[in-house]
Amino acid sequence: MMTDNTNSILRSAKRFLTGTLLSRLTGLLRDIAMAAAFGTDASIAAFLLAFRFSHLFRRMLGEGALQTAFVPAFEEVRRASDKEAGQFFKDVTIGLTLSLLVIVLGSMAALWWGANYLSPANKEVAALTFWMMPSLFFICLYGLNAGLLQCENRFFTASFAPVAFNCVWIAGVYFCRHLETTEAMRWLSLFIILACAGQWLMTEPGVWSIRKRLGSFSWGNPFSKNVRKVIAPLFLGILGISASQ
């Protein structure tokens, strides 16, 4: 377990703020690239709306609520045993993966079926949302990895990883810049999946080294007693986020 003091807290804050600053700067470049390449075409609005729809569950299962539930539970388990903590992380990862598969596949099926009943403008939003839905899988797993990295005071990696997301998005804009805008947004939707995968992969080496040190090489159990401890606070967090949204 990591022991904090004034110096370690300041170092962690410096690393977190540095990574966050770099991610914000690349995010600004991403927005500039979008505006320069595509202007204010209506398809841009459809694309951005689809991005919000496809990541509707991100705040619930990939950011605040998940990390608020996971971090204290992980630290509680680690006080008893490092190996048990490693197993706990594996169990949560498998449980989250299965949940995301259900959400993503169910949402894509609903969008495919419901598109037949939508107006042409809304059908475009539904189509873009459909293509972006798999990105939710990677961005939520990134959120869980970020929670583990933060437990180990590895704040830079978690805060810097969105740079990969923004760089892949910018690369997609460059690739699609000469296409007709509607077609460009379809291709850019696929780049969003790659961008989210890139952000997740940025955290995997650090997570792998932590898991290797903690131990636990048995099969995961998404219904273990430790995982059940996360469900109640996660559910309350989801309710709070849903109300604020």
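**Stop 1: charges over rings**

Begin by selecting Arg177 and Tyr174: Arg177 lies over the face of Tyr174, at 3.8 Å from the ring centre, where a charge sits over a ring if NZ of Lys or CZ of Arg is within 6 Å of the ring centre and within 35 degrees of the ring normal. This is a predicted model, in which local features need pLDDT of at least 70 and side-chain atom pairs count only at pLDDT 80 or more, while totals for chains, interfaces and linings use all residues. Residues are numbered from 1 along each chain as its sequence is written, and side-chain values use heavy atoms, with hydrogens and water left out.

**Stop 2: around Arg30**

Stay on Arg30, which is placed in helix H1 (residues 6-38); helices are DSSP runs of H or I with at least four residues, numbered from the N terminus. Arg30 is buried, with a relative accessible area of 17%, and buried means under 20% relative accessible area, as against over 50% for exposed and in between for partly exposed (1.4 Å probe, protein chains only).

Which residues is Arg30 in contact with, leaving aside its neighbours within four places in sequence? They are Phe165, Asn166, Trp169 and Ile170, contact meaning heavy atoms within 4.5 Å. Show the polar contacts as well: one of 2.8 Å joins the side chains of Arg30 and Asn166, and one of 3.3 Å joins those of Arg30 and Asp31. A polar contact is a pair of N or O atoms within 3.5 Å; within protein, one must be able to donate a hydrogen and the other to accept it, and residues adjacent in sequence count only if both atoms are side-chain atoms.

**Stop 3: aromatic rings**

The structure holds 15 aromatic pairs, counted where rings of Phe, Tyr and Trp (its six-membered ring) have centres within 6.5 Å, with planes under 30 degrees apart taken as stacked, over 60 as edge-to-face and the rest as tilted. Select Phe51 and Trp169, whose ring centres are 5.6 Å apart and whose planes are at 55 degrees, so the pair is tilted. This pair links distant parts of the chain, with Phe51 in helix H2 (residues 42-54) and Trp169 in helix H9 (residues 162-176), 118 residues apart. Phe51 is buried at a relative accessible area of 17%, and Trp169 is buried at 3%.

Now move to Phe175 and Phe191, where the ring centres are 5.7 Å apart and the planes are at 45 degrees, so this pair is tilted. Phe175 in helix H9 and Phe191 in helix H10 (residues 181-214) are 16 residues apart, and the pair links distant parts of the chain. Phe191 counts as buried, at 16% relative accessibility.

**Stop 4: Cys196**

Finally, select Cys196, which is found in helix H10 and is buried, with a relative accessible area of 0%. Not counting residues up to four places away in sequence, Cys196 touches His55, Ser135, Phe138, Ile139 and Phe165. For a distance check, pick the C-alpha atoms of Cys196 and Ala158, which are 13 Å apart in space and belong to residues 38 apart in sequence.

Definitions and conventions. Helix = DSSP H or I, 4+ residues; strand = E, 2+ residues; numbered from the N terminus.
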